[in-house]
Amino acid sequence: MHNHSPLGDIPVFALYGETAQWPTPDLLHCESIAERSRLHDWHIRAHRHADLVHLLVLYEGEVELELEGSTRQTEAPLAIVVPPLCIHGFRFSPTIQGHILTLAAPLVDHLAKVLPEASRTWRRASVQPLPSGGASQRLIELVRHIDGEYRRPASGRDALLGALIQALTIEASRLAIGSSDNGSSDNGNSATPHQRSRHHLRRFEALVEESFRHQPNIEELAAQLELSSAHLNSICRQQAGTSALALLHQRLLLEARRELTYTNLTIAQVSDGLGFSDPAYFTRFFKRLTGVSPSNFRKRQQRSPG
């Protein structure tokens, strides 16, 4: 599922809350690059994600990379950061070896709070060669450790993944991934309309992250941003391909899926904790967006390996 944006017909793919596009209740997804690109004949066409960050770490092989309108041919070893809303596409050689880590917006927001300086690396598009040894090797080892931990349901998995992601953020920052910021500011006086819209969307996402459990009114959130609700909706549709209310609902859905998967809270407790007036309303909301009831979703997760 995707919507077309005004930016040259570049698709904005559905957000993490959409069951069909975000394959896990985790805030992190990890897979080998070959796993996904082999299915698409090694070619991932240009697109954007509204609220996902990619880190690609290539160990071997070549890639033709399209990033924010420029195309280049380059070869591994290499690290590529793709921030939210950045147009990106790849054509890999069949010999490619590497991993792609995807971080959902709530995880990036958490990293911004605990690692305010280092986490800036996830907000900037960059391509960074990985010379042998030192910081490059530590980054590669962290990615492989994350991949191994992500795939097995061991005790302490969430805590260890959280620690590894923080370490990865610091190592990526030390490697100066993202040093190509070009000094631009999304909210400065010289910002383009596109940059200002992107800045407003990030501020809206931050407000949603702070308050989604209370199901705030979109008009109230728009007022906090000093925007009209119509203008906020226009920005969300342009930048994220969906409405402001849908973004709020997708954040609620993600949290519901995580709590149904990883906690023993009753459905009534999950409903109450997410600000629903009664469990029946929560069940209708969940089923409308996922196609299954909360109880059936939980049963499926319990049957799933890992």
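Two strands count as paired when DSSP finds at least two bridges between them. Strands (E, at least two residues) and helices (H or I, at least four) are DSSP runs, numbered from the N terminus. By that rule, E3 and E10 pair in the antiparallel sense over 5 bridges. Here serine 32 has histidine 99 in E10 as its bridge partner.

This is a predicted model; local features need pLDDT of at least 70, side-chain atom pairs count only at pLDDT 80 or more, and totals for chains, interfaces and linings use all residues. Residues are numbered from 1 along each chain as its sequence is written, and side-chain values use heavy atoms, with hydrogens and water left out.

**The sheet**

E3 and E10 belong to an open sheet of 5 strands, in the order E3-E10-E5-E8-E11, with antiparallel pairing. Strand E3 (28-32) and strand E11 (126-129) are the edges, each pairing on one side only. From one strand to the next, the twist averages 15°. Angles run from 0 to 180 degrees between N-to-C directions, with axes as lines fitted to C-alpha atoms, for helices over the stretch in contact.

| Strands | Bridges | Sense |
|---|---|---|
| E3 and E10 | 5 bridges | antiparallel |
| E5 and E10 | 8 bridges | antiparallel |
| E8 and E11 | 4 bridges | antiparallel |

Further residue partners can be named. Glutamate 60 stands opposite glutamine 97 in E10. Isoleucine 80 has valine 127 in E11 as its bridge partner.

**Cover on the sheet**

What lies across the strands? Helix H3 (residues 134-150) lies across E3, strand E5 (52-60), E8 and strand E10 (97-104). H3 runs at about 115° to E5. Helix H4 (residues 157-174) lies across E3, E5 and E10, at about 105° to E10. Contact here means heavy atoms within 4.5 Å.

E10 is mostly covered, with 7 of its 8 residues buried. Buried means under 20% relative accessible area, exposed over 50%, and partly exposed in between (1.4 Å probe, protein chains only).

**Confidence**

pLDDT is the predictor's confidence in each residue, from 0 to 100. The protein chain averages 83, and 86% of the residues score at least 70. Confidence is lowest in strand E1 (residues 2-4), at a mean of 39. Helix H9 (residues 267-273) has the highest, at 96.

Residues 14-20 have pLDDT below 50, yet this stretch has 27 contacts in the model beyond near neighbours in sequence. Over residues 178-189 the pLDDT stays under 50, and the model has 16 contacts for them beyond four places in sequence. Where pLDDT is low, the predicted coordinates should not be read in detail.
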